[in-house]
Amino acid sequence: MPTLFLHFFLFLFTTTVTNLIPAVHSNCIEAQKQSLLHFKKLVNDSSDSSKLITWNSSTDCCSWLGVNCSTNGRVVGLDLSGEFVPSSIDNFSSLFQLQHLQSLNLAYTFFFFSSIPSSIPSGIGKFANLRYLNLSRAFFSGEIPTEIARLTRLKVLDLSMYYSQRKRLENSNLGTLIQNLTELTELNLDGMNLSEESHWSQTISSSLPKLSVLSLSNCDLSGPIHESFARLDSLSTLILHGNNISGPVPKFFANFSSLISLNLSESNIHGAFPKEIFQVPTLQSVDLSLNSELRGSLPEFPKNGSLEFLVLSGTNFSGVLPDSIGNLKMLSELDLTECNFTGAVPKSLANLTQLGHLYLSSNKFSSPINSIQWDKLIKLVDLDLSDNLLYGSIPLSPFSIPLLQRLDLSGNNFSSQLLEFSNVSSSSLLSLDLSRNNLEGSIPVSILNLPKLDIFNLYSNNLSGFPFYGLQESRNLSFLDLSYNSLLFNHSGTNSSHPSLLQIKTLYLTSNKLKAFPSFLKNQSYLTELDLSNNQIPGQIPNWIWKHPLDNLYLCCNKLVSLEAPLLGSTNYHLSNLDLHSNQIQGQIPLFVRGDYLDYSRNNFSSSMPTDIGDFISPTYYLSLSGNNLNGEIPKSICNASGRVLDLSNNSFSGIIPQCLTQTSSLKVLDLRRNNLTGSIPDTFLEGCDLHTLALGRNQIQGQFPKSLANCSSLAVLDLGINQVTDAFPCPLKTISTLHVLILRSNKFYGPIGCPKTIGTWPYLQIIDLAHNSFNGEITGTSLRTWQAMMVNDDSYYLGFGWGVGRRGGALINYGDVVTTTSKGLETDLVPLSSFTSIDFSANKFNGTIPKEIGQLASLHVLNLSSNAFTGEIPSSFGNMRNIESLDLSQNHLSGQIPPQFANLNFLSFLNVSYNQLAGRIPTSTQLSTFLNTSFEGNKGLWGPPLTSDAVIVSPPPTLNGSSSNPNSGDEIDWNVISAEIGFTCGFGIAVGSLLFCKRWRKWYYRAMFNILFKIFPRLEHRFGNHRRHVYINQRYWRRLNG
């Protein structure tokens, strides 16, 4: 806003150049008049120009629009700003004969229909007397001429440009351009590419000592502001928006005593912002927005402060909003969105009577707001307090602000019930958002009496009622969202003797407690979008619903069982989106509805699909009949109904796959999984095939792999699992670099999987499942090195796509792929697939050693190489797979030890290395100790917990050099354990044997022990005197010991 204000001010300034060049009424010099007329003649057609069209040879040129003259008739000012000029200005233009020109304004001039793109002519350097040059956002091309540096009398230079026009200083630099312009007071280079100017702040401060206005927004500047910038103590306006300053805000800015406007938004400044800058007495505008690493707090503001704009949104400012904010009586915009302010919203805000826009959303303000006199803010247009921790009741005073158009209190902890209010006839409120609070009870009727209210958002509260009835006059709302409340309609009958006078265009009632279609819907005349999903509505979809001009209808996740056909004579059955999924609807597929998005999945539709279905619902972007009871063959006409997504999965379709489904260029998803389809896959995929997902798993498909599938260069998901396809490994797929998922599980594929003659990689591969086939040979590590998605954790992967629809105000409906994987012996549907990664080569005939390159797949979650013929040792590099959750190497011929690096696999929840030839001690770790012994059984030389206790396994003694004769043997004795056990046994035996067989030693031992006991416990001697019979010492022996 401050930047726009500045540009608007400069534009007004440039179009009133007469402030610099006083207008006169004397006749202009004839030679100069002819120069201007010659320029007009070269333009050829000036009919689109509001100024050139007034240039007439019969009138004095000093009276022409855009021309200013001095007292002696010389042309000193020329303003063609905003003109459409059908020609270009070259170096020979007659304009350069106006040697006394002091002001030239070509801002926003559009040069069109020129055979040569119009560049800034180098002849501009001939204007030696020029004080004012404005070429801002004029449609010039080419480079900035260095001749501008000759204009040493310039005071104002504006070369700003649109971002799409941005230019570099190709044959010069910033210093060359401005070093001679020492009289310059205003410099605007917005949009110019200055990325090579690493010392930009030193260059400007050393060349332009009189600078007052500096605007360098979106110039790709980099590097912090140099301390020499402090010399520019006359600066009144500094705009550095959209750069990469990458440094702190200098404290010396507070010494710029004339500073009026400071804009450092989105410039990557960081550190603490000096509070003193806020207290510069002349400061009117501060914009520090979108600098996420800039921190600071607000100072105590003096009385009658001059600030008009304060924008800190998207920064890390924190602390409380001081009461002294109320001293800024001139403030018209305060934006603290997405900061970290805490505490109460101060009552002093009511003093800001000039405030037009107040944005405090996405902070941590925590207080009631009903004690603030909001109705004093008579100029307030926008009030946004959303996403804070505000509580208490919602005050009525904001509804009395006469100019308020938008009120957003969503995402707080407001509670209780809204009260009735009156005197709202003068309200300008257009949008009211009270969603995501704890409001209870019913919404008062009076809120619908707000005369201009158009958008009303109440979703996610605890409301139990809404005044659909009770209005005294008709009211229209374009948007009403009551989702996620506790609204209850038990029956579809009329709740009132009068029909509802409320007319709604978009209505959301999802996730309430509706048990019937609300009766007020019957009388709606303008309803285009209706969402009743996720309620408890049973029975039939009534036929009156088709009388509405609906674009979008969402009835999913209810208890609907049937669908009533429309009445005869009704004609409007085309919807953009119809969602009926997850109900219990029976019967045949409704053919009377056409739409771009049709979701009939997870219902009880039965019987066969009509052979002419494509003639009724053609075409659709999305058609899903998944999860029903449909049977019979898939008719060929379905190809006419398929657009981007066709999902017929989880039914009982039989027969062959229609060939036309592989010959369409528009289809992105074809999902026919879990049916009874037979025959082969048509090998007729076209060049330029746009298929993203082909899912044919769990059918009875036979034949060979279709080689033409390689034409689908965007293929991401291929699922042919659990069929009867017989072929070698499909090497043509190697050319598809976009592949994320490849599932060939449980088919009749055979042979090696290496493709030496095929050049290609799978950098995005996340899931590959080749289990239960007859693949053989060795797995080479070369191809594994290209599976980059399994090497780095990246949650940005998303298998799917979206397209625009009308729901939720123009959001996207996304299609996410469903992939069935097998892990830990269980099947899992992943929806949507993101960063999950898996390799399953189990139940094949692979042999040779396991490639160590698998250990480089650091983000791998599941690895299953079981039931093959792998030999050799388990690679120690497996310890690098820190994200592995399931690892199955069972039923191979692996030997050697389990690598000790397995102790580092902290996320491992399933491990099976059983039935191999492993030996040695199982590595000690908390994670490995949690597995059952069945995870390690079938390895004769393997020992240690949890398979066995820590016992000695007999093995040959160590050799003289301390090493085993067999380096791979795992049967060595752990001498650290054994030596401790032998020492304990020998010591214990000597001590006990002495007591049993040496009488003198036994007497000494008992005497010593009792003396020690009696010294520690003196009363023990007396106790023993009374209970001698319980002690193994007779009286004689006692006297002998004391004698």
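In this predicted model, S460 is partly exposed, with a relative accessible area of 28%. That value falls between the limits used here, under 20% for buried and over 50% for exposed. S460 sits in the loop that joins β27 (455–457) to β28 (462–465). Its backbone has a positive phi of about 60 degrees, although S460 is not a glycine.

The phi of D220 is positive, at about 60 degrees, and D220 is not a glycine either. The residue belongs to the loop between β9 and β10 (237–239). Its relative accessible area is 33%, so D220 counts as partly exposed. Another backbone feature is found at P946, where the peptide bond from P945 to P946 is cis, with omega near 5 degrees. P946 is part of the loop between β65 (941–943) and α9 (975–997).

Two other loop residues are buried. T315 lies between β15 (309–311) and β16 (316–320). With a relative accessible area of 4%, T315 is under the 20% limit and therefore counts as buried. The side chain of T315 reaches the backbone nitrogen of F317 at 3.5 Å. Beyond its neighbours within four places in sequence, T315 contacts L288, S289, L290, N291, S292 and L294, and also E338 and C339.

L672 is in the loop between β45 (669–671) and β46 (676–677). Its relative accessibility is 0%, so L672 counts as buried. With neighbours within four places in sequence set aside, the contacts of L672 are I634, L648, S649, I657, L677, A695, L696 and N699. For one of these, A695, the C-alpha atom is 6.0 Å from that of L672, although the two residues are 23 positions apart in sequence.

The chain as a whole gives the setting for these sites. The protein chain has 12 helices and 65 strands. Of its 1043 residues, 52% count as buried. Among contacts with a separation of 6 or more, 56% are between residues 24 or more positions apart.

In soluble globular proteins, nonpolar side chains tend to be buried together. Here the largest nonpolar core has 246 residues, and F253 and F456 touch the most other members. The elements giving two or more residues to this core are the helices α2 (30–43), α3 (174–178), α4 (200–207) and α6 (638–641), together with the strands β1 (67–69), β2 (75–79), β31 (502–504) and β37 (574–579). Apart from this core lies another, of eight residues, including A716, V741, I743 and V862.

What surrounds F456? Not counting residues up to four places away in sequence, F456 touches L432, L434, I443, I447, L448, F466, L477, F479, L480 and D481.

One of the contributing helices, α4, is mostly covered, with six of its eight residues buried. These buried residues are W200, S201, T203, I204, S205 and S207. The cover over them includes α3 and β9 (213–215).

The largest cavity has a volume of about 90 Å³. It is lined by 13 residues, with I89, F96, L104, L106 and P121 nearest its centre. By class, this lining has 13 nonpolar residues, no polar residues and no charged residues.

The second largest pocket contains about 350 Å³ of space. Of the 21 residues that line this pocket, K734, G754, C755, T780 and S783 are the closest to its centre. Helix α7 (residues 781–784) provides the largest share of the lining, three residues. Which classes of residue make up the lining of the second largest pocket? The lining has 11 nonpolar, eight polar and two charged residues.

Key
Residues numbered from 1 in each chain as written. Predicted model: local features only at pLDDT ≥ 70, side-chain atom pairs only at ≥ 80, totals over all residues. Heavy atoms only, no water. Helix = DSSP H or I, 4+ residues; strand = E, 2+ residues; numbered from the N terminus. Buried < 20%, exposed > 50% of the residue type's maximum accessible area, 1.4 Å probe, protein only. Polar contact = N/O pair within 3.5 Å; in protein donor to acceptor, adjacent residues only side chain to side chain. Contact = heavy atoms within 4.5 Å. Core = buried A, V, L, I, M, F, W, Y, C linked by side-chain atoms within 4.5 Å. 1 Å grid on protein atoms, 1.4 Å probe; cavity = no way out; pocket = protein on both sides within 12 Å on 5 of 7 lines; lining within 4 Å. Points joined across faces, edges and corners; volume = space filled by probe spheres on them. Nonpolar A, V, L, I, M, F, W, Y, C, P; charged D, E, K, R; others polar.
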